[in-house]
Amino acid sequence: MPAFARRSLLFVPLLAAPSVRAATWSAIPPFREWIGRTALLRGEGGAARLLLRGDGSGLMAVRLFFFCRALPVLAWQIEGDGLAVRYRRVSALDSNRVIAGEAQILPQEAQVVWIESTRRTAAFEGFAGPELAGHCE
């Protein structure tokens, strides 16, 4: 057997193993671990970023048509199990309007569900530093 073929057999088990990225982000951490970090989310409508600050405020960046809007989160409260958070944020279309919403982590589906006027799902893609919260991409 040539030396190259023998060496390549050593890597076959690695090809069958799950990818490092899939293993790292398949489990979504509870919302308590989101505090002070920018959560990167990808949904049907595009990318969103969410920062929950320790003082009960925050920032949500969403893409609205061709523009990126950084929206203040006025207040948030994590439910007892850490898998749900209720929040109030400024509307993307009218800054005088306040939107009440709720987000839930669905561990089995590895998704986050956002419920405001409609129900949407998003994939959790990890965290970034708080300085990136106001940017869409």
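Glu 79 is partly exposed, with a relative accessible area of 28%; partly exposed lies between buried (under 20% relative accessible area) and exposed (over 50%), using a 1.4 Å probe and protein chains only. The side chain of Glu 79 meets that of Arg 86 in a salt bridge, with 3.2 Å from N to O. A salt bridge here is a side-chain nitrogen of Lys or Arg within 4 Å of a carboxyl oxygen of Asp or Glu. The model is predicted: local features need pLDDT of at least 70, side-chain atom pairs count only at pLDDT 80 or more, and totals for chains, interfaces and linings use all residues. Residues are numbered from 1 along each chain as its sequence is written, and side-chain values use heavy atoms, with hydrogens and water left out.

**Salt bridges**

- By the rule above, the count comes to four salt bridges.
- Side chains of opposite charge can pair when their charged atoms come close.
- Arg 86 forms a salt bridge with Glu 102, and their closest N and O atoms are 2.9 Å apart.
- This pair links distant parts of the chain, since Arg 86 is in strand β5 (residues 84–90) and Glu 102 is in strand β6 (residues 98–106), 16 residues apart.
- Arg 86 counts as partly exposed at 44% relative accessibility, whereas Glu 102 counts as buried at 16%.
- Glu 79, Arg 86 and Glu 102 are linked in a network of salt bridges.
- Arg 89 forms a salt bridge with Glu 116, the closest N and O atoms being 2.7 Å apart.
- That pair also links distant parts of the chain: Arg 89 is in strand β5, and Glu 116 is in the loop between β7 (111–115) and β8 (119–128), 27 residues apart.
- Arg 89 counts as buried at 10% relative accessibility, while Glu 116 counts as partly exposed at 26%.

- Val 85 is found in strand β5 and counts as buried, at 2% relative accessibility.
- Leaving aside neighbours within four places in sequence, Val 85 is in contact (heavy atoms within 4.5 Å) with Phe 31, Trp 76, Gln 77, Ile 78, Gly 101, Glu 102 and Ala 103.
- Val 85 and Ala 103 are 18 residues apart in sequence, and their C-alpha atoms are 5.4 Å apart in space.

**The protein as a whole**

- The protein has three helices and eight strands; these are DSSP runs numbered from the N terminus, with helices being H or I of at least four residues and strands being E of at least two.
- Along the sequence, the pattern is α-α-α-β-β-β-β-β-β-β-β.
- Of the 137 residues, 33% count as buried.
- Among contacts between residues at least 6 apart in sequence, 42% join residues at least 24 apart.

**The surface**

- The accessible surface of the protein comes to about 8500 Å², and 59% of this belongs to carbon and sulfur atoms; accessible areas come from the Shrake-Rupley method with a 1.4 Å probe, and for residues only the protein chains shown count as cover.
- Phe 65, Phe 66, Phe 67 and Leu 93 form a nonpolar patch on the surface, with about 620 Å² of accessible area together.
- Patches are made of residues with over 30% relative accessible area and no salt bridge, where like charges are joined within 9 Å and nonpolar side chains (Val, Leu, Ile, Met, Phe, Trp, Tyr) within 5 Å.
- Leu 93 has its place in the loop between β5 and β6 and is exposed, with a relative accessible area of 70%.
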